[in-house]
Amino acid sequence: MKTNSTVMKIAQTALFAALCYVIFTYLQIKIPMPGGDATSIHLGNAFCVLAALLLGGWYGGLAGAIGMGIADVMDPIYITGAPKTFILKLCIGLITGLVAHKIAKINESTDKKYIFKWSLLASVAGLAFNVIADPIVGYFYKQYILGQPQQMAEVLAKWSAAATFVNAILSTIVVVIIYNALRPVLAKSGMLEVGKTKEA
């Protein structure tokens with residue numbers, strides 16, 4: 001049973017990684033930046049957070065890290081930022097999973113209001129981390145790893161912060177709607193073990 005559960009989670013993680021990749025690659029609104037760089041409006045983070053709510057923090061984080069990390073590698077504009085993307089998306093999943101499964105234990109509850117509240121708080125926690133960390137990590141990464149001038153790194157960080165904030169709001173709305181709609185269906189089909197502690 002444990003082996004089957006692990007195999008199922010790995011398959012689901014791969015599915016969410018593919019979703020993150022497709023949504024980030026094909027459904028983003030790319031915003032060109034100085035020096036040939038870019039930022040974008042996208043919902044890739046939403047599926048990283050959704051995976052963390054459904055599967056646990058590690059699986060959700062890996063789904064986002066792998067899916068959007070590969071998307072960066074495949075894009076000539078984003079390729080240099082792939083290591084940063086991998087780390088940040090993994091952290092989004094881990095933080096979301098920590099709040100949802102270790103603190104709130106939402107998979108042990110059947111109270112719809114409780115689940116809604118904590119799925120919202122967990123999503124906000126993971127995405128708020130990204131709003132703060134993405135521009136800060138991006139600034140130091142671009143300046144000290146990629147060797148960009150300080151002024152350009154500052155401009156890129158400000159634009160990145162604005163885009164990341166918009167992404168966080170949109171992603172939070174999408175995640176909470178999809179998760180609370182999917183959860184009862186998945187629980188009924190046996191794909192979500194409600195009533196048992198899930199790994200963050």
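Analyst: Lys142 counts as buried, at 16% relative accessibility. Buried here means under 20% relative accessible area, exposed means over 50%, and partly exposed is in between, with a 1.4 Å probe and protein chains only. This is a predicted model, in which local features need pLDDT of at least 70 and side-chain atom pairs count only at pLDDT 80 or more, while totals for chains, interfaces and linings use all residues. Residues are numbered from 1 along each chain as its sequence is written, and side-chain values use heavy atoms, with hydrogens and water left out.

Side chains of opposite charge can pair when their charged atoms come close. Lys142 has such a partner: it forms a salt bridge with Asp37, and the closest N and O atoms are 2.7 Å apart. A salt bridge is a side-chain nitrogen of Lys or Arg within 4 Å of a carboxyl oxygen of Asp or Glu. The pair links distant parts of the chain, 105 residues apart, with Lys142 in helix α5 and Asp37 in the loop between β1 and β2 (38–41). Helices (H or I, at least four residues) and strands (E, at least two) are DSSP runs, numbered from the N terminus. Asp37 is buried as well, at 12% relative accessibility.

In total, the structure holds three salt bridges. Another one joins Asp134 to Lys84, with 3.3 Å between the closest N and O atoms. This pair also links distant parts of the chain: Asp134 is in helix α5 and Lys84 in helix α4, 50 residues apart. Both Asp134 and Lys84 are buried.

There is also a salt bridge between Lys30 and Asp75, whose closest N and O atoms are 2.7 Å apart. Because Lys30 lies in strand β1 (residues 29–32) and Asp75 in the loop between α3 and α4, the pair ties together parts that are 45 residues apart in sequence.

The 22 residues of α4 should span 32 Å at 1.5 Å a residue, and its end C-alpha atoms are 30 Å apart, which agrees. The expected span is 1.5 Å times one less than the number of residues in the helix. Even so, α4 has a kink of about 30°, centred on Gly97. The bend at a residue is the angle between axes fitted to the seven residues ending there and the seven starting there. Lys105 has a positive phi of about 50° although it is not a glycine, and it counts as partly exposed, at 33% relative accessibility.

Helix α4 also takes part in a nonpolar surface patch. The patch covers about 820 Å² and is made by Trp58, Leu62, Ile66, Ile70, Val73, Met74, Ile79, Phe86 and Ile87. The elements that give two or more residues to it are α3 (57–73) and α4 (82–103), and α3 supplies the largest share, five residues. Patches are made of residues with over 30% relative accessible area and no salt bridge; like charges are joined within 9 Å, and nonpolar side chains (Val, Leu, Ile, Met, Phe, Trp, Tyr) within 5 Å. The accessible areas come from the Shrake-Rupley method with a 1.4 Å probe, and for residues only the protein chains shown count as cover. Phe86 sits in helix α4 and is partly exposed, with a relative accessible area of 35%.

Helix α3 also holds Gly69, which is buried, with a relative accessible area of 9%. Gly69 and Gly81 are twelve residues apart along the chain, and their C-alpha atoms are separated by 8.5 Å.

The whole structure has zero disulfides, a disulfide being a pair of cysteine sulfur atoms within 2.5 Å. The sulfur of Cys48 is 5.8 Å from the closest cysteine sulfur, in Cys20, which is too far for a bond. Cys91 is in no disulfide either, as the nearest cysteine sulfur, that of Cys48, is 9.8 Å away. Cys48 is buried, at 0% relative accessibility, while Cys91 is partly exposed, with a relative accessible area of 25%.
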